[in-house]
Amino acid sequence: MVDPITVNTNAGETLLRFRDDVVHDEPAVTLDAFLGQTNATAVRLEAGDDARELLPHLGQIALVEISFPTFRDGRGYSAARILREAGFEGELRAAGDVLVDQIPHMRRCGFDSFAPEKPVDAATLTKLLALYPQPYQKAADARVPVWKLRHG
Amino acid sequence: MKLLTGNDLSTGDVVWWTGRDWSRHVEDAVDVGGQGEAILRAEEGARRVNVPYLIDAEATEQGPRPAHIKDRIRALGPTVRPDLTLKPADADAGAWVI
Amino acid sequence: MYRYDEYDQSIVDARVEEFRDQVERRLSGALTEDQFKPLRLMNGLYLQLHAYMLRVAVPYGTLDSRQMRMLGHIARKYDRGYGHFTTRQNIQYNWIKLADAPDILAELATVQMHAIQTSGNCIRNISSDQFAGAAADEVADPRPWAELLRQWSTFHPEFTYLPRKFKIAVIAADEDRAAMRLHDIGIQLLERDGVLGAKIFVGGGMGRTPMIAHEVKDFITADHLMSYLEACLRVYNRYGRRDNIYKARIKILLHEIGVDAYRDQVEAEFAAIRDLGIDPPLAELARITAMFAGPDFASDAPDSVDRSDPDFAVWLDQNVAAHKQPGHAIVTISLKPIGGIPGDASADQIDLMADLAERYGHDELRVTHAQNIVLPHVRKADLYAIWTALRDARLAEANLDLISDIIACPGLDYCSLANARSIPLAQKIGERFAGRQRELGELKLKISGCINACGHHHAGHIGILGVDKKGTENYQLLLGGSGAEDVSLGKITGPGFDEDGVVDAIERVTDRYVALREADERFLDTYRRVGMQPFKEAIYG
């Protein structure tokens, strides 16, 4: 999906979603709560939480929300890739201090939903997402790296 | 005295608050007294200056002289390239910095 | 040399457009300075003492004459007629206007250059050996590996908001001309059972807590280099400290958890990702390597040089190094004229060096981490003509690796982080020792104007650190550092000095060295043999 769908949730959040399934409306629980009460289907990871602790439970999780306390804190990018590399196919949401210029990188790390604290400019985002014709690296998205284009 | 300084957002030039506007010349700077923070916020918000901050300075006959060497170098230019300073013709300008 | 294909070019062109848009958003107020700062830094744009400063990447220090001329053109058109070559093989311009920055990047892109990731908390420009491809002692040219790393690290989506900046150097010889073990990751290529691979060192760096990198991986082959490095970076991105900017470099993580625990975590991560298809095929390294095949050297180039001009002979002995090809040589052009500004070159000098590379040097130039320029492939028969042209442009100082070949950061004359000026001190030291520097032999002197150590003072045989002592400039003296294969960190002699005082102290140190020197010991060798005490006595009485 190239352009996001804007969704207003019951909780009053504005979500930018790059998936067209129904928004999961169960509130996300903390990692500790999830590990103690294993029937939850939505989890919120704080920046310092270890995403690998979720790996045994991915089959039951529909939504993982990863927190960005400040836009400078890049731990969530690794958390997202770890979940995608392990095969997680549910919604992966970046929440908090998420800036428009960061969303293309976050997309590459596997995020497909965004709950930015401050609204992002839709026109800027559309432009940024279409800017780079191809990436240099393989990441968690489907984009084909340059070396693959060169060598097949 | 207290001076308000920063850089021009677009050109990056070092600028000094003159009471009404911004000047590249520290000689034009005025004592902002206790008003510094308020002016700073208003001017930065209006993008008439970038990264402004308040400094201490001494009033001299030649005009305000910033208390710290860093701001005196900002006011004049690099001491190792007198030709690129604001006073290329003044052989003694470097002495004002040190 | 590496040449962009349409993919590389389209990525660099897109970056120009992205940055043009970011600058417009900043000027219009859509971005605050706090939001814009990391974006501009990731394109090498700082706000310094007098203006914006733009740092342009010279990937692994290699460029051709067309690119070099572009650097001169930018100095003339957008700056004030000069540029400053840096310790990470880049060039920076001191007088840039924000509104001009996108146009400068657009001009750079026309010659396959950019300012991508020359600052910011991301993977910086990959540095390498300035003699790569020309040195007699290398097992391979390290630059194809560096180019592979350049592509991998460019806009790496996971590692753009690291805890702190991240510097990588690649070498392929036992002699370390790139301060490899003082990088966050140092890579040494070596051959094992006929296969080229890499030894990986992690956790080196200077700054306020200098450390020497530890060996973390004995040998990794090219087919898994990227996934291994992703593992190294991911462990750092997840667990590097973010609570204190001064403890955020990877060296602190290794120091706190220990190299063995770090290695174990990297191995676990590597095991999880090594088969995910992250690594480019070996054909990609082969494609890049073919472009570094090197020039067709004349096989009949005469090996003898006419030394009858004594000034030329001095330069020949000091600034010209052995080339792997008979009849050829490697020339280092000193950007350290006595009394000059270390690393600075005027637009005219830049053009002249480009001309010499084109005419005599197979169109190649290198930037060294010691802030000099190299012509890596010249015929010995052309050395005299090259020297004559350099001399006329004030570029023939015969001082490579001598006490006046000083690494100095811009210091308080230009830098908003500095506490003291570095350049005037370098000028005074050059003037004081010009007459006896050859007698003192190899003596690497490095000056930083603040604790961030951009002037590599920890790695100087003699190092100087400028500090702010109650509003006045004060200089601490260090002895015994080295950034080469015999890497070590300098130790502070004792109380600091004012500007003239530190020059006097260096003179007492060098006098004592001459008195203690055995046979052909370098200063560093004597220091290591006798220790700090005799020098302390000489300085402080």
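UniProt positions are given here in the numbering used for this structure, and its annotations may be inferred rather than shown by experiment. With that in mind, welcome to this predicted model. For chain C, an unreviewed UniProt entry lists "domain: Nitrite/sulphite reductase 4Fe-4S" at residues 119–270 and 406–539.

**Chain C as a whole**

- If you trace the secondary structure of chain C, you will find 17 helices and 20 strands.
- Chain C is as compact as a globular protein of its length, because its radius of gyration of 23 Å is close to the 24 Å that the globule rule gives for 541 residues.
- Along the principal axes, a box of roughly 60 × 60 × 55 Å holds the C-alpha atoms of chain C.
- Of the 541 residues in chain C, 58% are buried.
- Among the contacts in chain C with a separation of 6 or more, 67% join residues 24 or more positions apart.

**Domains of chain C**

- The domain assignment divides chain C into domain 1 (6–61 + 97–109), domain 2 (127–289), domain 3 (310–392) and domain 4 (409–540).
- The centres of domain 2 and domain 3 of chain C, taken over C-alpha atoms, lie 31 Å from each other.
- Where these two domains touch, nine residues of domain 2 of chain C meet twelve residues of domain 3 of chain C.
- On the domain 2 side of that contact there are six nonpolar residues, three polar residues and no charged ones.

**Where chain B meets chain C**

- Chain B brings 20 residues to this contact, and chain C brings 21 residues.
- On the chain B side, β4 (50–60) and α2 (69–76) each provide at least two of the residues that touch chain C.
- The biggest share of the chain B side comes from α2(B), which gives four residues.
- Sorted by class, the side of chain B that touches chain C consists of eight nonpolar, eight polar and four charged residues.

Conventions
Residues are numbered from 1 along each chain as its sequence is written. Chains are lettered from A and ligands numbered from 1 in the order in which they are written. This is a predicted model: local features need pLDDT of at least 70, side-chain atom pairs count only at pLDDT 80 or more; totals for chains, interfaces and linings use all residues. Two residues are in contact if their C-beta atoms, placed from the backbone, lie within 7 Å. Ala, Val, Leu, Ile, Met, Phe, Trp, Tyr, Cys and Pro count as nonpolar, Asp, Glu, Lys and Arg as charged, and the others, Gly among them, as polar. The radius of gyration is taken over C-alpha atoms; the globule rule is 2.2 Å times the number of residues to the power 0.38. A residue is buried if 20 or more other C-beta atoms lie within 10 Å of its own, exposed if 12 or fewer, and partly exposed in between; C-beta atoms are placed from the backbone. Domain bounds come from an automatic or database domain assignment.
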